[in-house]
Amino acid sequence: MGMITLMAAWMCFKPLTLGPMPKPDMMSVGAHIARAGKGLDRVLLEDRQVVGRWARTYVPHDAEDVLWLSPDLISRWLGYLKESENLTEEQVDSRWNALAQKQGRSLWFIVRLAALDKQDPLEMGMEEPAVTTDLEPLVVRATLTDLSGNRHALSSTQTKVIASVRSSDASQVIALPWYVYSEAFTPLLPAIPPERPEFDLGSNEGRCLFIQVALPESTMAAREVEFRVLSRRKTRIARFTMLRHLPTQLKSQDANRDVQRGFGPG
């Protein structure tokens, strides 16, 4: 690949691994979200892909997702914390470097799954208990599409269940605060982190998985990373495009949550 092609890839496509410092433009996006009074979840943006929905009545809600802990996302996250907690440049750099050392040449993903009770309004409100057969066993497949359009299987993966929560309240097992469940994410913790849900009663069940995918040494850029979670009855697919674009909307965990200050739905 020639030098001009390499430069074009560097400018037009998102980085795959953490570089020497956070991305200033992405840190600015995170700071803007903090100043707007939005929650920390808003920095996820396009690095969160919904792979499962749930409807207790007629209204569907996001219930399962895959997060790519990309350099852009981590930059937005640290930009948010810098603005909201008045972190110094040295503190931000220290957190970034700690993550870069842990992550190395790997891609980090969070998978949040849920098995939830169902209620059919035509059945007089009778609930169907959650079916947990798609929470385990699981097989993960990651595929990278290079700049030439060729697809490559990323075969080396490490999967760890970092949280498993049960509750009679479905909302308690959706969108678990993944960053409180592993020491790997200590540099991302806010000054006052959310409490871990400790419920273990009820038929609703949520799982949070931390997945590390090794990246070939020769890979510098890509068009897309596709992530699949296979279970007995379904295949959950998340696709992350590497083509850089400016975010046009600040999305929350649940698109039905609110419409505030001109940011559009959710």
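Here is a short chat about a helix and some strands in a predicted model.

Biologist: Hi! Let's start with helix α3. Is α3 largely enclosed or open?

Modeller: Largely enclosed by the rest of the structure, because 11 of its 15 residues are buried. Among them are P71, D72, R76 and W77.

Biologist: Which elements cover the buried residues of α3?

Modeller: The cover includes α2 (24-35), β2 (60-68) and α4 (89-103).

Biologist: And what span should α3 have, at 1.5 Å a residue?

Modeller: Helix α3 runs over residues 71-85, so its 15 residues should span 21 Å. The C-alpha atoms at its ends are 21 Å apart, which agrees.

Biologist: Nice. What follows α3?

Modeller: That would be N86, which has a positive phi, near 55 degrees.

Biologist: Which sense does β9 use when pairing with β3?

Modeller: Antiparallel, over 10 bridges, with β3 being residues 106-115. As one example, S106 has A214 of β9 as its bridge partner.

Biologist: What about β8 and β9, how many bridges there?

Modeller: Strand β8 (residues 157-167) pairs with β9 over 10 bridges, in the antiparallel sense.

Biologist: Which residue of β9 stands opposite S164?

Modeller: R207 does.

Biologist: And where do side chains point in a regular strand?

Modeller: They alternate between the two faces of the sheet.

Technical notes. Residues are numbered from 1 along each chain as its sequence is written. This is a predicted model: local features need pLDDT of at least 70, side-chain atom pairs count only at pLDDT 80 or more; totals for chains, interfaces and linings use all residues. Side-chain values use heavy atoms; hydrogens and water are left out. Two strands pair if DSSP finds at least two bridges between them. Helices (H or I, at least four residues) and strands (E, at least two) are DSSP runs, numbered from the N terminus. The expected span of a helix is 1.5 Å times one less than its number of residues. Buried means under 20% relative accessible area, exposed over 50%, partly exposed in between (1.4 Å probe, protein chains only). Contact means heavy atoms within 4.5 Å.
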